Amino acid sequence: MSFLPINNEERLAGNVFREKYPIIYRQGKINFLYPTHCKIRFSSFRVAETTIGRNHPSLKFQVESDKFCIIMNFPKKSSDMPSNMFSVTDSDKIDTRTDTQADTLSEKPMEKRSGPFSEMKPTPDMILSAWELNSEQGAEVKRLEAATGYPMEVSQHFTKCAMTARDGALRKQVLPSEEELLENVYFTTNPLKEQAPVAKNFSPIFLLQKYSGRALLMTATECFGNCRFCFRRHLRTNFPSKNLRPEHYETPLFQLSNDTSIHEIILSGGDPLTLEDGLFFWLLEQIKNIEHIKRIRVHTRALVFSPEKISENFLEFLKNFSKKSSKPLYFVLHVNHPDELSPEMLASAIALHRAGVTLLQQGVLLRGVNDDVEILAELYEKLSEYHIIPYYLHQLDRVAGASHFEVSEETGRKLITDLRSRLPGFAVPRYVREIPGEPGKTPLD
């Protein structure tokens, strides 16, 4: 099938595409005929790939050199065509090759990055360009990455969400800052005094038992993005989740099986959902077969950074797991700001809920991000609307490099008091601090 040319009489231009997928939009407009099938080549895009193709069955993406191509299946009737769908640059041209010729295009993925879904992760330069930071600001970010020893890792989805977030609230969580270099004797590299057990053969996977009746399994060391306030930012090892195998879990699973005092297991990390699906499913099955384990918790930030992780295959497994297992499965979603609640994130949350997963939320009180009663009230109301129960609001763990995020406990308590006057009790989380050696979280409210 040939790709049809532009027809100036039929106009299909607007801002919806730019608003929904701003990471790849640049400027200008284009006019279309309404063909059954057409292909557009873009010469001015700075981004080589996008997640849109996985979520929109009518789009196909291919790359040749620095040119970005989209194949679109349009309705046959112009009356079926949504208005204001697409915007690109005036200089871009329609490709007139056939399907067969188009399929010979060689793909050029994004630069490989460490971390899960590396082929989807934008490079720092792409992120900075999308956020419209100039060359001086870009150089400063790279200097701070080196000075802090903690690289900037951000998913494509989070990059997009951060472009429209209020007051830079999402960028502040992931962009390196000069304030990270400030020294404070009360902020240390291991604020919770977590200690991996000594092992003859090194494995990044181990079991921690901090509280009676519960154990925490360090399921992975990778995350979908690097949060600058992460209390494990100095402890995580560089061990790609894609390299993890069942044998890495043998020792902690043996320990778990033989300690009948443990009734609940918490999968943490890193992020447990950075595991390959098959390995994650296998791990849940192993835990399900341990009789004295009554509850399973999964702590994740995947829905905020990479909601596409919640695929049909993933959901199908969880549905079957919930049907066959008597053990409740909880996903505790780390969400700090209402602008993290993108349509894609909320759709994934609803899908998990329908698959039989109980959803809870935890977040960290962060100066300049969510230390505002209006922001928190909006967050908790929206979460409750989508079957996500606000669980914990954490006082910042005093990790070196994050002192500029700290909010006073007095301010935190006032925020909780104000929230209680606005929201139903089930929509207000517990305000807590984790103190090493204590038998549980310490309430601050």
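In what order do the nine strands of the open sheet lie? The order is β5-β6-β7-β8-β9-β10-β11-β12-β13, and the pairing is mixed. The structure is a predicted model, and the account below describes the protein as that model shows it.

**Overall content**

The protein has 14 helices and 13 strands. Of its 445 residues, 55% are buried. Among contacts between residues at least 6 apart in sequence, 77% join residues at least 24 apart.

Strand β8 covers residues 295–300, and five of its six residues are buried, so the strand is mostly covered. On one side, β8 pairs with strand β7 (residues 264–268) in the parallel sense over four bridges. Within this pairing, Glu264 has Arg295 in β8 as its bridge partner. Between the two strands comes helix α9 (residues 277–288), and β7, α9 and β8 together make a right-handed β-α-β unit.

β8 also pairs with strand β9 (residues 329–334), again in the parallel sense, here over five bridges. In this pairing Arg297 stands opposite Tyr330 in β9.

Further along the order, strand β10 (residues 358–364) and strand β11 (residues 388–394) run parallel and are joined by six bridges. Val364 stands opposite His394 in β11. Helix α12 (residues 343–354) packs on the sheet and touches β9, β10 and β11. The direction of α12 makes about 140° with that of β10.

| Strand | Partner | Bridges |
|---|---|---|
| β7 (residues 264–268) | β8 | four bridges |
| β8 | β9 (residues 329–334) | five bridges |
| β10 (residues 358–364) | β11 (residues 388–394) | six bridges |

**Aromatic pairs**

How many aromatic pairs are there? The count comes to nine aromatic pairs. One of them is formed by Phe281 and Phe314, whose ring centres are 5.8 Å apart and whose planes stand at 50°, so the pair is tilted. This pair links distant parts of the chain: Phe281 lies in helix α9 and Phe314 in helix α11 (residues 312–324), 33 residues apart. Phe281 has a relative accessibility of 11% and counts as buried. Phe314, at 0% relative accessibility, counts as buried too.

Another pair consists of Tyr391 and Tyr392. Their ring centres are 4.1 Å apart and their planes are at 25°, so this pair is stacked. Tyr391 counts as partly exposed at 23% relative accessibility, whereas Tyr392 is buried with a relative accessible area of 15%.

**Gln361 in strand β10**

Is Gln361 buried or exposed? Gln361, which is found in strand β10, is buried, with a relative accessible area of 0%. The side chain of Gln361 reaches the backbone oxygen of Val335 at 2.8 Å. Beyond its neighbours within four places in sequence, Gln361 is in contact with residues including Val332, Leu333, Val335, Leu379, Tyr380 and Leu383. Its contacts also include Ile388, Ile389, Pro390, Tyr391 and Tyr392. Two of these residues, Tyr391 and Tyr392, form the stacked pair described above.

Glu434 is found in the loop between β12 (430–433) and β13. At 13% relative accessibility, Glu434 counts as buried. Which side chains does Glu434 meet in the polar contacts of 2.8 Å and 3.0 Å? The contact of 2.8 Å joins the side chains of Glu434 and Lys210, and the contact of 3.0 Å joins those of Glu434 and Tyr211. Leaving aside neighbours within four places in sequence, Glu434 is in contact with Leu192, Lys210, Tyr211, Asp397 and Lys441.

Note on methods: Residues numbered from 1 in each chain as written. Predicted model: local features only at pLDDT ≥ 70, side-chain atom pairs only at ≥ 80, totals over all residues. Heavy atoms only, no water. Buried < 20%, exposed > 50% of the residue type's maximum accessible area, 1.4 Å probe, protein only. Pairing = 2+ DSSP bridges. Right-handed = clockwise from strand over helix to strand, strands pointing away. Phe/Tyr/Trp six-rings, centres within 6.5 Å; stacked < 30°, edge-to-face > 60°. Contact = heavy atoms within 4.5 Å. Axes fitted to C-alpha atoms, helices over the stretch in contact; angles between N-to-C directions. Polar contact = N/O pair within 3.5 Å; in protein donor to acceptor, adjacent residues only side chain to side chain.
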